[in-house]
Amino acid sequence: MLDLQQLIEPLSLEEFLERDFSRNWRHFQGEPGRFTNLISEELVLKSIDSRDITANRLTMLHGGELIAQELYASPGSGPALIRPEAKRIKHHLNQGAVLLLTHAEQLHQPLWDAAESIGNQLEESVTVNVYLGGPQSKGFGLHIDHHDVLVMQIEGHKSWEVREPSLKHPLL
């Protein structure tokens with residue numbers, strides 16, 4: 001099972017919690033492929049394909065514009081439910097779209113176990129958002145996260161920009 005200590009080595013969990021958590025951003029380089037059993041594009045698409053999920057948990061963008069859900073999902077079996085179709089999602093990803101799936105831990109047991117383990121160590125509730133970007137995708141624009149974020153880049157290449165805080169205590 002994934003352990004927070006494994007993510008932040010060689011820093012100790014105590015040092016991380018005391019010096020960095022909720023205070024600073026840190027980059028921890030990992031070995032390529034070490035999370036492939038936890039999550040991958042194939043596992044994400046398989047976990048949502050032809051399965052009812054709440055419509056607001058799945059978003060696709062292309063060039064900063066929302067893609068209408070009917071272009072990658074059919075209506076689900078109840079109100080506010082959709083049934084994503086992996087083949088149609090993959091088509092949009094291949095065209096440069098980006099996908100956001102919230103609460104992915106509810107769809108894949110290894111993610112649930114990892115979120116629970118990390119949550120227990122941080123004494124916080126942990127949820128997993130998955131972002132998939134196709135070739136030449138731009139992801140999501142500049143934004144502020146109003147919560148602590150642990151990013152695990154599983155594969156591919158991405159340029160990250162982390163800026164200094166614009167407010168000293170943005171949640172107050």
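Where is Ser50 found? I started there and placed Ser50 in the loop between helix 3 and strand 1 (53-54). Helices (H or I, at least four residues) and strands (E, at least two) are DSSP runs, numbered from the N terminus.

**Ground rules.** I am working with a predicted model, where local features need pLDDT of at least 70, side-chain atom pairs count only at pLDDT 80 or more, and totals for chains, interfaces and linings use all residues. Residues are numbered from 1 along each chain as its sequence is written, and side-chain values use heavy atoms, with hydrogens and water left out.

Back at Ser50, I noted a phi near 55 degrees, a positive value in a residue other than glycine. Ser50 is partly exposed, at 47% relative accessible area; buried means under 20%, exposed over 50%, and partly exposed in between (1.4 Å probe, protein chains only). Gln136 also has a positive phi, about 65 degrees, and is not a glycine. I found Gln136 in the segment after strand 7, where it counts as exposed at 72% relative accessibility. Next came the peptide bond between Glu9 and Pro10, which is cis with omega about 10 degrees. Pro10 sits in the loop between helix 1 and helix 2. I jotted down the background: most residues other than glycine have a negative phi, and most peptide bonds are trans.

**The whole chain.** I counted five helices and seven strands in the protein chain. Read from the N terminus, the order is α-α-α-β-β-β-β-β-α-β-α-β. The radius of gyration is 17 Å, close to the 16 Å that the globule rule gives for 172 residues, so the chain is as compact as a globular protein of that length. That radius is taken over C-alpha atoms, and the rule is 2.2 Å times the number of residues to the power 0.38. The C-alpha trace spans about 45 × 35 × 35 Å along its principal axes. Of the 172 residues, 31% are buried. I also looked at contacts (heavy atoms within 4.5 Å): among those between residues at least 6 apart in sequence, 68% join residues at least 24 apart.

**The core.** Which residues have the most contacts inside the largest nonpolar core? They are Leu4, Leu58, Met60, Ile89, Leu99 and Leu101, in a core of 38 residues. Helix 5 (109-122) and strand 7 (130-133) are among the elements that each supply at least two residues of this core. Helix 5 gives the largest share, five residues. A nonpolar core here is a set of buried Ala, Val, Leu, Ile, Met, Phe, Trp, Tyr and Cys residues joined through side-chain atoms within 4.5 Å.

**Two last stops.** Thr102 is in the loop between strand 6 and helix 5, yet it counts as buried at 17% relative accessibility. Not counting residues up to four places away in sequence, Thr102 touches Asn56, Arg57, Val128 and Asn129. Met1 lies in the segment before helix 1 and is exposed, at 71% relative accessibility. With the same exclusion of residues up to four places away, Met1 touches Gln6, Asp113 and Ser117.
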